[in-house]
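Reader: I have just opened this one and have not looked at it before. Could you walk me through it slowly, one topic at a time?

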Amino acid sequence: MNSSVPYLLAILGKGVVSPSTMVCHADDLGLVRGDGVFDTTRIVTAQDGTSRIDHLDEHLSRFARSIAGVNGPTPDLDSWNHLIEEAARTWRIPGEAALKLVYTNGRQVVPGPPRGFLIISPLSETAIEEREGIDALCLSRGVTSDAFADAPWLLGGVKTLSYAVNVAALRYARSQGADDAIFTSTDGYLLEGPTSGLVIAADDGLWTTPTGPTGILNSITVSTVFEAAGEDGVQTSTRLMKHGEVLRAQGAWLLSSVRGVAPILSIDGHPVPQDEDMTHRLRTWAGFEN
């Protein structure tokens, strides 16, 4: 691989290809309708060029569930694993990078099979810097906290390509001087970040927002942290939380597979208590510290 190329591209059924290779047609449903899904995790490459991928099995399982959510065929995970292995062998740029798996339901006008590919790209400096702390802005998602309970067509918990709202929320938050956003429900509860899960420390335990009726994506990083925390004797659970509760908590964080653990310094300009010891423990449980 040419290290001057900023990313690696690999296509299911073809393998690693030139980054300039055409991936999909202009009528691809993932492009024109957002009818597809993706999943992203972190790949860490050592100075000798060998790489490890965080929680790959869990991400592939969620990827398969998302594909089922958009009525796609059961994916051949062996083929995906072989593609990922080839890509990881080829990617030899030391440091942290994002590995993104993408699936689309094929073409809209001209019949065609589903499309699968992956991209590996270096982690941005901003994502690394935000691990030191972020200022968050609460933004309404425009739905109640149980809007997804009886509405499977809303694709709750499915990581679809239809991410325009998430991107718009981040763009708006940054235009207002914040680093990230936290979606809220119309009945006053905090839900999740556009690309992250919410965790707070309170009442001698760790809490996160429940999935299911809220439509929240099952965060692999939050699940990993909660499993390890439970093994260390820390109570973990889910519940709906309001703005004021977080401001009175021992600490609050947004967790994601690539950025990792980001302490929330403020919400809507109000300072959030900091717990440096818990931040360290969360990073250890998530696999972002040795």
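Reader: Let's start with charges: how many salt bridges does a search of the whole structure find?
Author: Bearing in mind that this is a predicted model, a search of the whole structure finds ten salt bridges.

Reader: Which residues are linked in a network of salt bridges?
Author: The network of salt bridges links Arg42, Arg52, Asp54, Glu96 and Arg131. Within it, the side chains of Arg52 and Asp54 meet at 2.6 Å, N to O, and those of Arg131 and Glu96 also form a salt bridge, at 2.6 Å from N to O.

Reader: Which side chains meet Arg259 in a salt bridge?
Author: Glu130 meets Arg259 in a salt bridge of 2.7 Å, N to O, and this pair links distant parts of the chain, since Glu130 sits in the loop between α4 and β7 while Arg259 sits in the loop between β14 and β15, 129 residues apart. Asp180 also meets Arg259, at 2.9 Å from N to O; Asp180 lies in strand β8, so this pair ties together parts that are 79 residues apart in sequence.

Reader: How accessible are Glu130, Arg259 and Asp180?
Author: Glu130 is buried, with a relative accessible area of 9%, Arg259 is buried at 7% relative accessibility, and Asp180 is buried with a relative accessible area of 1%.

Reader: Changing topic, what domains does the assignment give?
Author: The domain assignment gives domain 1, covering residues 8-123, and domain 2, covering residues 128-286. Taken over C-alpha atoms, the centres of the two domains are separated by 25 Å.

Reader: How many residues are in contact between them, and how much area do they bury?
Author: On the domain 1 side, 24 residues are in contact with 17 residues of domain 2, and the two domains bury about 1600 Å² between them, with 64% of it on carbon and sulfur atoms. In domain 1, Phe38, Arg62 and Leu123 lose the most area to domain 2, together 36% of what that side buries.

Reader: What about salt bridges and polar contacts across that interface?
Author: Across the interface of domain 1 and domain 2 there is one salt bridge, along with seven residue pairs in polar contact. On the side of domain 1 that touches domain 2, β3 gives the most, with seven residues.

Reader: Now the inside: which residues touch the most other members of the largest nonpolar core?
Author: That core has 22 residues, and Leu101, Leu118 and Ile120 touch the most other members. Its largest share, five residues, comes from α3. There is also a second, separate core of 18 residues, including Trp207 and Ile264.

Reader: What is Leu101 in contact with?
Author: Leaving aside neighbours within four places in sequence, the contacts of Leu101 include Val37, Phe38, Trp80 and Leu118.

Note on methods. Residues numbered from 1 in each chain as written. Predicted model: local features only at pLDDT ≥ 70, side-chain atom pairs only at ≥ 80, totals over all residues. Heavy atoms only, no water. Core = buried A, V, L, I, M, F, W, Y, C linked by side-chain atoms within 4.5 Å. Buried < 20%, exposed > 50% of the residue type's maximum accessible area, 1.4 Å probe, protein only. Helix = DSSP H or I, 4+ residues; strand = E, 2+ residues; numbered from the N terminus. Contact = heavy atoms within 4.5 Å. Domains from an automatic or database assignment. Buried area = accessible area lost by both parts, 1.4 Å probe. Salt bridge = Lys/Arg side-chain N within 4 Å of Asp/Glu carboxyl O. Polar contact = N/O pair within 3.5 Å; in protein donor to acceptor, adjacent residues only side chain to side chain.
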